[in-house]
Amino acid sequence: RNQESGSSGHCLAVVLSRLANAVTPLWRLPYQEQLQVKYESQRKILQTLASRLEELGIDAQKLGGLCCPLQPVVPSPIINGYRNKSTFSVNRGPDGNPKTVGLYVGTGRERNIVCVKANHVENIPSKHKQVAQYYEEFICRSPLDSCILFHEGGHWRELVVRTTSCGHTMAVITFHPQQLSQEALATQKALLKEFFTCGPGAVCALTSLYFQESTMTRCSHEQSPYQLLHGAPHIFEELLGLKFRISPDAFFQVNTAGAEVLYQAVGELCQATGDTVLLDICCGTGTVGLSLAHRVSKVIGVEVVEKAIEDAEWNAAFNGISNCEFHSGKAEAVLPQLLASWEDAQPLVAVVNPSRAGLHYRVVRAIRNCRSIRRLLYISCKPEGEAMRNFLELCCPPDPRKKLAGEPFAPVLAIPFDMFPHTVHCELVLLFTR
């Protein structure tokens with residue numbers, strides 16, 4: 001209808017603008033103004049925390065209503081194209097193409113969701129956009145439909161692209177097998193490999209091409225193994241003079257240059273000495289612990305993703321770091337066992353970097369009840385969410401009913417890091433002591 005009325009160009013421009021505003025809502029602002037917007041948002045979060053603490057009978061510091069001093073937002077060394085990981089969806093585009101590879105605009109409630117190509121989005125690097133473009137070309141050639149709703153059939157689903165400063169590119173393609181036979185699946189995998197190695201997609205120069213058969217929105221490697229179709233099983237990144245191996249589903253900060261600045265600051269805030277043990281909770285591939293290993297006597301990492309732990313162990317060995325041990329499993333199951341027998345004479349500094357879901361209550365309880373932990377650094381990408389609950393659990397008075405017997409922590413310093421330029425998000429580091 002839009003094309004017939006001659007307004008398709010205008011409508012596309014509107015959709016592209018909507019996508020940019022949804023994904024990178026601050027993109028029109030000069031960078032210094034973006035930092036000021038983020039500072040104000042973090043200030044409100046600390047004001048909220050101060051109010052919540054006062055409700056618990058805890059006197060927050062009277063610093064403009066904040067619970068602790070707030071430093072200016074630390075800027076990102078790279079402002080555009082900084083993401084080292086992008087996730088692209090497959091769905092109907094503004095032009096009606098049901099195999100558009102891009103990002104969503106619209107809401108399910110209003111039933112106006114469309115998938116828009118991310119070519120103009122500021123924070124996604126050109127390499128990611130290139131791989132997305134060729135993945136769209138491939139699935140448009142395929143006789144198999146895209147899988148938008150599981151119960152409606154279809155096969156081709158999302159694309160994840162990961163890149164590193166070493167020039168490596170990994171692509172992970174998700175595919176719903178529906179009722180296809182193993183022979184038919186093998187054919188699709190062969191066609192995909194041929195396209196990206198010998199066909200038009202070869203210009204992407206993929207280091208690794210993975211394929212995952214998935215019958216749900218998100219599948220872990222344990223639920224549905226990642227199948228390597230081409231190239232190396234891992235890509236590699238360099239950070240603070242160390243080399244890190246990255247698996248398809250391993251966590252790694254999406255802004256590598258920003259992560260270097262963040263981890264250097266974390267090292268200073270830890271105030272670790274030669275006899276300190278660093279507890280790295282939600283350690284991912286071990287980046288925090290390994291970058292600080294030279295400052296402490298020992299690093300103990302805990303991570304739920306098994307493949308990430310394998311990467312962390314490899315990273316330690318490759319970099320010649322021998323004072324680290326890593327434990328695979330849910331932190332709420334592993335950590336209480338680790339800390340139950342801890343000797344008070346051994347000083348512990350804890351660094352936690354959980355997902356947006358925050359820490360499980362049993363993890364907070366284990367930290368509170370371990371008297372050796374006097375200093376805790378909480379790194380949060382969404383401090384106004386579930387992390388706020390963790391902050392209150394760490395600082396509330398002892399409560400026998402909740403088995404919180406340990407001395408409470410107190411927030412003493414907050415430093416925001418802009419890991420996500422052009423967006424409203426910030427990485428907040430909160431230092432707690434007791």
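# Salt bridges, domains and a hairpin

Asp 418 and Lys 38 meet through their side chains in a salt bridge, 2.5 Å from N to O. The model is predicted.

User: Where do Asp 418 and Lys 38 sit?
Analyst: Asp 418 is in the loop between strand 15 (410–417) and strand 16 (427–433). Lys 38 is in helix 2 (residues 31–55). The pair therefore ties together parts that are 380 residues apart in sequence.

User: Is Asp 418 buried or exposed?
Analyst: Asp 418 counts as buried, at 1% relative accessibility. Lys 38 is buried too, with a relative accessible area of 1%.

User: How many salt bridges does the structure hold?
Analyst: It holds 12. One of them joins the side chains of Lys 117 and Glu 136, at 3.3 Å from N to O. Lys 117 lies in the loop between strand 3 (114–116) and helix 3 (126–141), and Glu 136 lies in helix 3. They are 19 residues apart.

User: Which residues are linked in a network of salt bridges?
Analyst: Glu 386, Arg 389 and Glu 393. Separately, Arg 401 and Asp 399 meet in a salt bridge at 3.3 Å, N to O. Arg 401 is exposed, with a relative accessible area of 76%. Asp 399 is buried, at 12%.

User: Switching to domains. What are the bounds?
Analyst: The domain assignment gives domain 1 as 85–238 and domain 2 as 255–433. Their centres, taken over C-alpha atoms, are 33 Å apart.

User: What area do domain 1 and domain 2 bury between them?
Analyst: About 570 Å², with 60% of it on carbon and sulfur atoms. In contact are 8 residues of domain 1 and 9 residues of domain 2.

User: How many salt bridges between domain 1 and domain 2?
Analyst: The count is 0. There is 1 residue pair in polar contact between these domains.

User: Now strand 4. Which strands pair with it?
Analyst: Strand 1 (residues 85–91) pairs with strand 4 in the antiparallel sense, over 4 bridges. Thr 87 stands opposite Val 160 there. Strand 5 (residues 169–175) also pairs with strand 4 in the antiparallel sense, over 6 bridges. In that pairing, Arg 162 stands opposite Met 170.

User: How many residues lie between strand 4 and strand 5 in the hairpin?
Analyst: There are 5. Gly 167 in the turn has a positive phi of about 90°.

User: How many residues of strand 4 are buried?
Analyst: 8 of its 8 residues, 156–163.

How values were computed: Residues are numbered from 1 along each chain as its sequence is written. This is a predicted model: local features need pLDDT of at least 70, side-chain atom pairs count only at pLDDT 80 or more; totals for chains, interfaces and linings use all residues. Side-chain values use heavy atoms; hydrogens and water are left out. Buried means under 20% relative accessible area, exposed over 50%, partly exposed in between (1.4 Å probe, protein chains only). Helices (H or I, at least four residues) and strands (E, at least two) are DSSP runs, numbered from the N terminus. Two strands pair if DSSP finds at least two bridges between them. Domain bounds come from an automatic or database domain assignment. Contact means heavy atoms within 4.5 Å. Buried area is the accessible area (1.4 Å probe) that two parts lose on being put together, summed over both. A salt bridge is a side-chain nitrogen of Lys or Arg within 4 Å of a carboxyl oxygen of Asp or Glu. A polar contact is a pair of N or O atoms within 3.5 Å; within protein, one must be able to donate a hydrogen and the other to accept it, and residues adjacent in sequence count only if both atoms are side-chain atoms.
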